[in-house]
Amino acid sequence: MTITIRRTEPGDYEAVRQIFNGPKAVWGTLQVPFPSAEQWRKRLAEPPEGLFSLVACIEQEVVGQLSLQTFPHRPRRRHVGQIGMVVRDDWQGQGVGTALMQAAVDLADKWLNLTRLELDVYVDNDPAIRLYEKFGFNIEGTMVDFAFRDGQYVDTYLMARLRK
Ligand SMILES: CC(C)(COP(=O)(O)OP(=O)(O)OC[C@H]1O[C@@H](n2cnc3c(N)ncnc32)[C@H](O)[C@@H]1OP(=O)(O)O)[C@@H](O)C(=O)NCCC(=O)NCCS
């Protein structure tokens with residue numbers, strides 16, 4: 001099985017909508033159920049400045065997405081990237097997240113010269129936390145009642161990876 005990483009294109013919106021239609025994808029992220037194709041079409045067609053959005057493909061099919069938000073117009077945050085990622089429910093646990101994170105870390109380290117990568121993760125999201133620790137992210141703090149998820153508030157870790 002070959003996983004290919006490429007830049008997200010506007011035409012990927014339906015595949016991205018399908019990824020966020022998965023219950024596990026909603027559970028692990030800040031997305032709300034019932035994703036709209038039109039909202040994703042607009043979001044992918046008009047990305048905010050500084051956003052590097054990547055997708056993971058298996059035989060041309062988009063099965064994962066990662067966003068690396070940078071801050072080119074904030075002089076004191078130019079060294080920072082914020083990451084969010086998701087793998088389609090039926091492809092989780094098969095190396096797609098690792099491939100996406102490896103591509104993002106390479107981009108950050110070798111091309112964008114980012115020295116601090118940040119992300120938020122729910123404290124009970126063990127697969128995600130293990131993936132991030134594998135790439136050198138450390139827990140820096142806990143945000144209490146950070147989000148409302150499936151009827152309850154959930155705490156969130158702030159994690160970061162510093163490139164020395
Ligand atoms: C978190 C997520 C992005 C990881 O992507 P993935 O493709 O499933 O991850 P991988 O298959 O590359 O596995 C990465 C590591 O996670 C851990 N892992 C994967 N599946 C796991 C599971 N079911 N239970 C525990 N750990 C698991 C393993 O340590 C694995 O590394 P290893 O195989 O080298 O030991 C994906 O599961 C996902 O999209 N989840 C729902 C949305 C979400 O939680 N996004 C993250 C928001 S912070």
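1. In sorting residues by class, Ala, Val, Leu, Ile, Met, Phe, Trp, Tyr, Cys and Pro count as nonpolar, Asp, Glu, Lys and Arg as charged, and the others, including Gly, as polar. On that basis, the shell around the ligand comprises 10 nonpolar, 9 polar and 4 charged residues. The model under review is a predicted one.

2. Which residues come nearest to the ligand? Of the 23 residues around the ligand, these are Gly28, Gly97, Thr98, Pro127 and Ala128. Two or more residues of the shell are given by each of α2 (23-28), β4 (80-87), α4 (96-110), β5 (116-122) and α5 (126-134). The largest share, 6 residues, comes from α5.

3. The largest nonpolar core holds 34 residues, and Leu66, Ile83, Leu100 and Ala104 touch the most other members. At least two residues of this core are supplied by each of α1 (13-19), β2 (51-58), β3 (61-70), β4, α4, β5, α5 and β7 (152-162). The element that gives the most is α4, with 7 residues. In soluble globular proteins, nonpolar side chains tend to be buried together.

4. Helix α4 deserves a separate point. With 15 residues at 1.5 Å a residue, α4 should span 21 Å, and this agrees with the 21 Å between its end C-alpha atoms. The buried residues of α4 are Val96, Gly97, Ala99, Leu100, Met101, Ala104, Val105 and Ala108. These buried residues pack against β1, β2, β3, β4, β5 and α5. As for Leu100, its contacts beyond four places in sequence are Ile5, Leu54, Ala56, Gly64, Leu66 and Met85.

5. Strand β3 pairs with both β2 and β4. The pairing of β2 with β3 is antiparallel over 8 bridges, and Val55 stands opposite Gln65 in β3. Between β3 and β4, which also run antiparallel, there are 7 bridges; here Gly64 stands opposite Val87 in β4. Strand β3 is mostly covered, with 7 of its 10 residues buried.

6. Most residues other than glycine have a negative phi.

7. Asn113, in the loop between α4 and β5, has a positive phi near 55 degrees. Asp145, which is found in strand β6 (residues 138-149), has a positive phi of about 50 degrees. Are these residues buried or exposed? Asn113 counts as exposed because it has 10 C-beta neighbours inside 10 Å, and Asp145 counts as exposed because it also has 10 C-beta neighbours inside 10 Å; the cut-off for exposure is 12 or fewer.

8. Arg7 lies in strand β1 (residues 3-7). Arg7 counts as exposed because it has 9 C-beta neighbours inside 10 Å. Not counting residues up to four places away in sequence, Arg7 touches Ser53 and Leu54. Arg7 and Val55 are 48 residues apart in sequence, yet their C-alpha atoms are 6.1 Å apart in space.

Notes. Residues numbered from 1 in each chain as written. Predicted model: local features only at pLDDT ≥ 70, side-chain atom pairs only at ≥ 80, totals over all residues. Near = placed C-beta within 6 Å. Helix = DSSP H or I, 4+ residues; strand = E, 2+ residues; numbered from the N terminus. Buried ≥ 20, exposed ≤ 12 C-beta atoms within 10 Å, placed from the backbone. Contact = placed C-beta atoms within 7 Å. Core = buried A, V, L, I, M, F, W, Y, C linked by C-beta atoms within 7 Å. Expected span 1.5 Å × (residues − 1). Pairing = 2+ DSSP bridges.
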